[in-house]
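Welcome! Take a moment to look over the chain before reading on.

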Amino acid sequence: MSNDARPPLDYIEFTSPELEKTQSFFDEAFGWSFIDYGPDYKDVQGAGLGGGIEQGALRAPLPVLKADDLEAMMERVKAAGAEITKEIFSFPGGRRFQFREPGGTEMAVWTVDGDGDHG
């Protein structure tokens, strides 16, 4: 069954210039665990919603929705007034694009590619 009628909020991505400190804080304060995806990305486990921490300059957390038909969803958000800030790109386990909704919030939509299950 397609989830594209109401794509669920599936993942939230944080950035941190101090990745190890952020990981340590999330572990100590919340008991979350992590899967390393290279030196600059940690997948958050046990938070109730998928998430990740990316090494980089601070920015607002990035809400990520999940859709079955990524291209159709990109057209839908464009038609609703969003500005595409990152065209569709691939990453291990999926593909996604990013956009800014008319009020200014940066968001993303992802879809599973093959057997992947991470946003």
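## Before you start

This is a predicted model, in which local features need pLDDT of at least 70 and side-chain atom pairs count only at pLDDT 80 or more, while totals for chains, interfaces and linings use all residues. Residues are numbered from 1 along each chain as its sequence is written, and side-chain values use heavy atoms, with hydrogens and water left out.

## The chain as a whole

The chain has two helices and eight strands. Helices (H or I, at least four residues) and strands (E, at least two) are DSSP runs, numbered from the N terminus. Read from that end, the order of elements is β-α-β-β-β-β-α-β-β-β.

Along the principal axes, the C-alpha atoms fill a box of roughly 40 × 30 × 20 Å. A compact globule with 119 residues would have a radius of gyration near 14 Å, and the 15 Å of this chain agrees with that. The radius is taken over C-alpha atoms, and the globule rule is 2.2 Å times the number of residues to the power 0.38. Of the 119 residues, 38% count as buried; buried means under 20% relative accessible area, exposed over 50%, and partly exposed in between (1.4 Å probe, protein chains only).

## The sheet

Two strands pair if DSSP finds at least two bridges between them.

β2 and β3 run antiparallel and are joined by four bridges, with Lys-42 in β3 as the bridge partner of Asp-36. These two strands form a hairpin with four residues between them, and Gly-38 in the turn has a positive phi of about 85 degrees. β3 and β4 also form a hairpin with four residues between them, this time with Gly-46 in the turn. Four of the five residues of β3 are buried. A parallel pair is made by β1 (residues 9-16) and β4 (residues 50-55), joined by six bridges.

## The helices

Is Thr-111 buried or exposed? Thr-111, in strand β8 (residues 106-112), is buried, with a relative accessible area of 7%. Not counting residues up to four places away in sequence, Thr-111 touches Ala-67, Asp-68, Leu-70, Gly-93, Gly-94 and Arg-95; contact means heavy atoms within 4.5 Å. The Thr-111 side chain also reaches the backbone oxygen of Asp-68 at 3.4 Å.

Gly-81 lies in the loop between α2 and β6. With a relative accessible area of 44%, Gly-81 is partly exposed. The C-alpha atoms of Gly-81 and Gly-46 are separated by 35 Å, and the two residues are 35 residues apart along the chain.

Key: Polar contact = N/O pair within 3.5 Å; in protein donor to acceptor, adjacent residues only side chain to side chain.
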